[in-house]
Amino acid sequence: MTSRWRDVAHATGLLADDGTPRATIFAEMSALAVRTGAINLGQGFPDVDGPASVADAARAAIADGANQYPPGPGIPALRHAIADHQRRHYGLVVDPDREVLVTTGATEALAAAVLALVGPADEVLTLEPFYDSYAAVIAMAGATHTTAPLAATPDGFRLDEAALTAAFTDRTRLVLLNTPHNPTGTVLTPDELAVVARLARQHDAIVVTDEVYEHLTFGVPHVPIATLADMAERTLTISSAGKTLSFTGWKVGWVHGPAHLVDAVRTVKQFLTYVSGAPFQPAVAFALGDPGVQAWVDELAASLARRRDLLCDGLTAAGFDVVRPDGTYFVLADASRLGHGDGAALCRDLPSLAGVVGVPVSAFTRAGSSADSALASWVRFTFVKRDEVLHEAVARLQRLA
């Protein structure tokens with residue numbers, strides 16, 4: 001193993017202390033659920049499919065021969081549908097030919113953006129906790145990962161302006177933002193976004209924003225940071241069809257922003273997957289413009305809000321302290337009042353204690369950081385499961401009480 005790979009692998013947790021490969025916590029917890037028969041509330045994917053009309057559109061595309069390489073930037077119909085979606089929902093004017101790139105899910109868009117825009121002399125700033133792939137791709141780019149914590153409050157996890165200000169330096173090249181936020185479920189407010197925007201402009205940093213849960217909020221509007229004054233020119237906005245449409249395995253994502261930044265991302269992306277999802281791209285193009293599909297998405301968000309409340313109430317009754325999320329698939333719960341100070345250890349014991357699997361929040365923090373210490377006893381659970389599954393999980397969790 002090369003020293004470069006070893007450095008990246010250690011930085012991203014891919015190697016154990018003895019140098020052997022380590023499975024991610026998500027793979028470990030999912031395998032634990034299978035092995036024990038526990039209900040898996042760790043991995044965030046739906047257990048039902050999305051709209052039948054969208055699946056029918058994919059089948060039609062296959063039958064019509066959309067089975068070879070699509071154009072590198074994505075099929076024109078999808079790029080135009082993405083641009084129309086951004087105009088219709090947010091008032092953003094996007095050139096579908098120069099400013100939109102279709103990717104293999106949001107994860108590839110994020111990876112290509114980071115690899116294209118930063119190098120070893122740069123810092124990439126994220127909120128903490130953070131989605132785990134962020135740390136991995138920052139390490140692969142050779143950049144330095146810096147963080148600013150989100151703090152648990154009665155109003156949810158909120159941005160700490162002083163900590164964010166302190167985290168910016170003259171080397172901050174890129175801010176990797178995520179709202180609605182995984183794992184906390186926070187939807188950043190316009191005032192919080194204004195703080196990020198002000199600091200990005202002050203330090204001449206590019207913002208890459210992960211908005212895959214943009215339509216899955218509960219009574220709180222999602223505001224893209226690109227809609228703030230003078231931010232469209234320095235922002236790459238990333239989203240995907242997977243979460244919105246409950247087709248997470250299709251892996252159709254996209255990035256849009258200024259043409260020169262999208263060109264940089266395309267330069268890297270073409271050497272990752274090149275292209276993908278040929279029959280799924282026309283299906284997603286159909287979905288983004290169909291009023292019936294939008295009504296389905298609205299109903300999904302309402303259903304998720306109800307299921308969020310079901311799980312949050314059950315966790316509270318079981319003895320957890322819960323921060324009720326405003327969006328996404330996830331809720332964070334503090335187990336310290338139950339006498340569990342180590343969330344990772346609790347997650348490994350939960351199948352035997354309660355027949356349920358979660359994921360420790362420490363999987364989303366940097367070892368030794370202030371957020372890592374503050375969230376050591378916290379666990380992430382997903383509520384994007386059928387009602388009967390959540391009812392059974394809640395019943396099992398009462399054993400902890």
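Hi everyone, let me start with a right-handed β-α-β unit, made by strand β6, helix α8 (residues 190–202) and strand β7. Right-handed here means that, with the strands pointing away from the viewer, the path from the first strand over the helix to the second runs clockwise. Helices (H or I, at least four residues) and strands (E, at least two) are DSSP runs, numbered from the N terminus.

A quick word on the source: this is a predicted model, where local features need pLDDT of at least 70, side-chain atom pairs count only at pLDDT 80 or more, and totals for chains, interfaces and linings use all residues. Residues are numbered from 1 along each chain as its sequence is written, and side-chain values use heavy atoms, with hydrogens and water left out.

Now, β7 and its partners. Strand β6 (residues 172–178) runs parallel to β7, with five bridges between them; two strands count as paired if DSSP finds at least two bridges. Asp-210 in β7 has Asn-178 opposite. Strand β8 (residues 235–240) is also parallel to β7, joined by four bridges, and there Leu-236 sits opposite Val-208.

So why is β7 largely enclosed by the rest of the structure? Five of the five residues in 206–210 are buried, meaning under 20% relative accessible area with a 1.4 Å probe, protein chains only (over 50% is exposed, in between is partly exposed). In a regular strand, side chains alternate between the two faces of the sheet. In β7, both faces are covered: Ile-206, Val-208 and Asp-210 are buried on one side, Val-207 and Thr-209 on the other.

Over in β8 we find Ile-238, which is buried with a relative accessible area of 0%. Leaving out residues up to four places away in sequence, its contacts include Val-208, Thr-209 and Asp-210, as well as Ala-106 and Trp-254; contact means heavy atoms within 4.5 Å. Glu-108 is 130 residues from Ile-238 in sequence, yet the C-alpha to C-alpha distance is 10.0 Å.

Let's move to another sheet. This one is open and antiparallel, with four strands in the order β10-β11-β14-β13. The edges are β10 (321–323) and β13 (359–360), each with a single partner strand, so one side of each has no neighbour in the sheet. Between β10 and β11 (residues 330–334) there are three antiparallel bridges, and Val-323 is bridged to Leu-332.

Helix α12 (residues 291–318) packs on this sheet, touching β10, β11 and β14 (378–382), at about 10 degrees to β11. Axes are lines fitted to C-alpha atoms, for helices over the stretch in contact, and angles run from 0 to 180 degrees between N-to-C directions. Helix α13 (residues 343–354) lies across β13 and β14, at about 45 degrees to β14. Thanks, everyone!
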